[in-house]
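The structure is shown first, and the text then follows it part by part.

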Amino acid sequence: MENPLEQRLTFNRIFRHLIFYQSQKFTGKVTVSNHQGNAWSFYFLLGHLTWATGGSYPLRRWRRQYYAATGQLPQLDHVDWNAEAWDCTELRILTESNALNGEQVQGIVHGVVEEVLFDVIQAFEAPVYKVLNSSKSVLPLSKLTGIGDGMELEVQEEVKPDRYYRLPYSFFPDLKALQEKIDQQWRKWVTIGLACVSPNQAPLLLDPEELRNRVSAKVYRNMAKGLQGQTSLRDLAFKFKKEGNFFSLAAAMAPFYEMQLITFNQIKDLSVNTNGTGTKPGHSTLTATASEELPQDPLFLAIDSSRKNQSLLSAIAEREGYAFEAMSNGINALQKITQNPLGLPKIIFASYEMAVLKPTEFCTILRRLELPQHVPIVIYSKQSLPNREAREILEAGASELINRHSLTPSYVNSLLKKYQKLNKRQQRQTIDQQTYSQSKLTFKQRDFSMTMS
């Protein structure tokens, strides 16, 4: 009879499969994927788990593990992006050139495999916790029924991450020990209260003033500086000198997440462009974790608690070919935007009297995010505002500030056409900039540059 640890983790089938192929002395690749298009690959050599790759953040993962092992940032000038597993090939080249010692190589192998396994567990179990209102205890089997139904498996024999990859078997992780470690990590993650959150997401401070009232000045400065919605929780652990231990950092943030003072933002992977060939194959600059598909129509988002105003804007938006969504307050709107960056609104209309957040706070937070920086924000007010306050709202990132009496079909339609033209112009400029940047090799290091030099 299986012990509870084996039973719980093998129930989502990942460890059951890995242990099976270990017992078969398998050599090849086992790829696990879900219905959202995410895939992770595990490589075996005579039953030994030798490497893992996949997910949405391969560059960030490589950078973290390389830095954890060496204390330096990796150089990617000569990486073979067409290799079966470019990161494994890069590890082999560094090993052959004596750029890494045995301890460093082993640390990278174990670190990469552990990250990938945790991401697989989180991806398949998080939906169940979301339905059950983010329980803070590890769910029993009765609650996890059906959790593995969305898991698809593809097995390819004799596929290796790198044809010349040869390391001592002692460098590879022991599956039983790995299973126990990932189980402990997942239990800790659930207990913290973040089962529905990926550590690859970036924490974003929603209500700075409320946070200031609850923590010391030093803690507030650190959190305000770090929680910009652009650096993942895993990367922040290095930035805050936590030696990659994102659990302690997450535990400190969890209470504020529950109070809706913090949310978690989907971000993109780092990007590397190759000379003359554009973005590297299979790992494009626009890699993102969100799995939601783009809506068929551009989204018109209204932030207003007034049913009358919502109905008015809905009628206008739908007549002009927009999908419409209304939210009653700014915090809920920000959470929606950060959790689904692939379904960004094309334009936002927000009442000056929106609940919880002031217009300046809402605009400031939204403009800090990487993805929706160019989304037009139209703020409307039922009363005239002092010049100083109006200027502050515009400086915070609002595109327009209008009187509520101007919410007529003809005027709103004119704003929609205006920003459609601006959006097309920005898209052309983006394409021109991307074409220019292809002549240079760029590896974005902004998340770590201040603290890892």
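Does Phe 26 count as buried, partly exposed or exposed, and at what relative accessibility? In this predicted model, Phe 26 has a relative accessibility of 9% and therefore counts as buried, the cut-off for that class being under 20%.

**Aromatic pairs**

A pair of aromatic rings is described by the distance of the centres and the angle of the planes. A search of the whole structure gives 22 aromatic pairs. Among them is the pair of Phe 20 and Tyr 21, whose ring centres lie 5.1 Å apart with the planes at 80°, so that the arrangement is edge-to-face. Phe 20, at 42% relative accessibility, counts as partly exposed, whereas Tyr 21, at 14%, counts as buried. Phe 26 and Phe 44 also form an edge-to-face pair, with 6.2 Å from centre to centre and 65° between the planes. This pair links distant parts of the chain, since its members are 18 residues apart: Phe 26 lies in the loop between helix H2 (14–23) and strand S1 (28–33), and Phe 44 in strand S2 (residues 39–45). Phe 44, at 2% relative accessibility, counts as buried.

| Residue | Relative accessibility | Class |
|---|---|---|
| Phe 20 | 42% | partly exposed |
| Tyr 21 | 14% | buried |
| Phe 26 | 9% | buried |
| Phe 44 | 2% | buried |

Elsewhere, ring pairs join Phe 118, Trp 186, Trp 189, Phe 246 and Phe 247 into a cluster. One of these rings, that of Phe 247, has Lys 188 over its face, at 5.2 Å from the ring centre.

**Packing of H2 and H6**

Two packed helices are described by the angle between their axes and the distance between the axes. The axes of H2 and helix H6 (residues 175–192) come within 11 Å and cross at roughly 170°, and the two helices are therefore roughly antiparallel to each other. On the H2 side the contact is made by Phe 15, Leu 18, Ile 19 and Gln 22, and on the H6 side by Leu 175, Lys 176, Leu 178, Gln 179 and Ile 182.

**Helix H12**

Helix H12 (residues 330–339) is mostly covered, with seven of its ten residues buried; these are Gly 330, Ile 331, Ala 333, Leu 334, Gln 335, Ile 337 and Thr 338. The elements that cover them include strand S5 (202–205), strand S10 (323–327) and helix H13 (359–368).

Technical notes. Residues are numbered from 1 along each chain as its sequence is written. This is a predicted model: local features need pLDDT of at least 70, side-chain atom pairs count only at pLDDT 80 or more; totals for chains, interfaces and linings use all residues. Side-chain values use heavy atoms; hydrogens and water are left out. Rings of Phe, Tyr and Trp (its six-membered ring) pair if their centres lie within 6.5 Å; planes under 30 degrees apart count as stacked, over 60 as edge-to-face and the rest as tilted. Buried means under 20% relative accessible area, exposed over 50%, partly exposed in between (1.4 Å probe, protein chains only). Helices (H or I, at least four residues) and strands (E, at least two) are DSSP runs, numbered from the N terminus. A charge sits over a ring if NZ of Lys or CZ of Arg is within 6 Å of the ring centre and within 35 degrees of the ring normal. Contact means heavy atoms within 4.5 Å. Axes are lines fitted to C-alpha atoms, for helices over the stretch in contact, and angles run from 0 to 180 degrees between N-to-C directions. Angles under 35 degrees count as roughly parallel, over 145 as roughly antiparallel, 65 to 115 as roughly perpendicular and the rest as oblique.
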